[in-house]
Amino acid sequence: MTNSTDVVRLWSATKRYGSGPRTVTALDQVTTTFTGGTFTAVMGPSGSGKSTLLHCAAGLDRVSEGKVDIDGIDLGGLGETALTLLRRDRVGFVFQAFNLVSALTAEQNVALPLRLAGREPGRADLLAALTEVGLGHRGRHRPSELSGGEQQRVAIARALITRPAVLFADEPTGALDTKTSRDVLTRLRDVVDRHGQTVVMVTHDPAAAAYADRVLLLADGRIADELHGRTGAETIAARMAALEVVAC
Ligand code: ADP
Ligand code: MG
């Protein structure tokens, strides 16, 4: 199912906030790629630039220097409208807060991105999307009738309904307990294995990163370490700890 093209590429991506003596370099010349059909976890201490990397790679924010492309399209060459359209059509997002619309059912929430794009969602597609995350029977329920893990799975179905080239998730299990986190991570793993989806997930939890095919470890806005292949949580935790010792 996987394909080996690079869906997202960053070349010396640098992001600075502020100016003068107060300048913060949140991302410092990061060069990397996210290959189609792979699951990458981005880890690192608080403030190391994880969210900034995600936002720049997803076109939610622009780099100060360097280059980012998605599906071969240089984001720096796009105006605001074109960038918004590219995000809408090719990028999916899942955040720590599920951000579901409480007045709408699960099915209506999943339909939203298509409606916003002016496309009338078919019921079969909505049902298929919910079934993919194990919620085919819960389409008529509102968020308040679903557990946290189920709400996050609805958010994943909503992010995937447009068949994006890449799904970005920023601490998607940050608000969930261990068991429901596992449900969410299993579904993310599934969409990679079964549908060749590309997933990039920020997490501070080594157990969550253990679901990924690759772990990028950031420190001070740079890639400080990288683990290839499925890696156990203990090994990931040890590499994280080593980084934090160096950072002190
Ligand atoms: P992480 O997600 O790893 O905790 P972030 O990417 O949020 O880290 O932040 C990296 C650095 O950039 C931090 O020092 C943070 O304070 C700074 N930063 C992030 N966003 C902004 C912003 N909008 N304005 C100023 N500084 C910011
Ligand atoms: Mg963050």
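In this predicted model, S51 meets ligand 1 through its backbone: an N or O atom there lies 3.0 Å from an oxygen atom of the ligand. K50 brings in its side chain instead, where an N or O atom is 2.8 Å from an oxygen atom of the ligand. Taken on its own, ligand 1 has 570 Å² of accessible area, and the protein covers 58% of it.

As for who else is around, the shell of ligand 1 is made up of Y17, V24 and A26, then P45, S46, G47, S48, G49, K50, S51 and T52. Sorted by class, that comes to 6 polar residues, 4 nonpolar ones and 1 charged one. Two or more residues of the shell come from each of strand 2 (24-35) and helix 1 (50-57). Helix 1 is the top contributor, giving 3 residues to the shell.

Turning to the aromatic side chains, the structure holds 2 aromatic pairs. One of them joins F93 and F95, whose rings are stacked, at 5.8 Å centre to centre and with 10 degrees between the planes. F95 has a relative accessible area of 30%; with buried meaning under 20% and exposed meaning over 50%, F95 therefore counts as partly exposed.

F93 also pairs with F168. Here the ring centres are 6.4 Å apart and the planes sit at 25 degrees; planes under 30 degrees apart count as stacked, so this pair is stacked as well. The two partners come from separate strands: F93 lies in strand 6 (residues 91-95) and F168 in strand 7 (residues 166-170), so the pair ties together parts that are 75 residues apart in sequence. Put together, F93, F95 and F168 form one aromatic cluster, with F93 taking part in the pair with F95 and in the pair with F168.

K67 lies over the face of W11, at 4.7 Å from the ring centre.

Technical notes:
Residues are numbered from 1 along each chain as its sequence is written. Chains are lettered from A and ligands numbered from 1 in the order in which they are written. This is a predicted model: local features need pLDDT of at least 70, side-chain atom pairs count only at pLDDT 80 or more; totals for chains, interfaces and linings use all residues. Side-chain values use heavy atoms; hydrogens and water are left out. A residue is near a molecule or strand if one of its heavy atoms lies within 4 Å of it. A polar contact is a pair of N or O atoms within 3.5 Å; within protein, one must be able to donate a hydrogen and the other to accept it, and residues adjacent in sequence count only if both atoms are side-chain atoms. Accessible areas come from the Shrake-Rupley method with a 1.4 Å probe; for residues, only the protein chains shown count as cover. Helices (H or I, at least four residues) and strands (E, at least two) are DSSP runs, numbered from the N terminus. Ala, Val, Leu, Ile, Met, Phe, Trp, Tyr, Cys and Pro count as nonpolar, Asp, Glu, Lys and Arg as charged, and the others, Gly among them, as polar. Rings of Phe, Tyr and Trp (its six-membered ring) pair if their centres lie within 6.5 Å; planes under 30 degrees apart count as stacked, over 60 as edge-to-face and the rest as tilted. Buried means under 20% relative accessible area, exposed over 50%, partly exposed in between (1.4 Å probe, protein chains only). A charge sits over a ring if NZ of Lys or CZ of Arg is within 6 Å of the ring centre and within 35 degrees of the ring normal.
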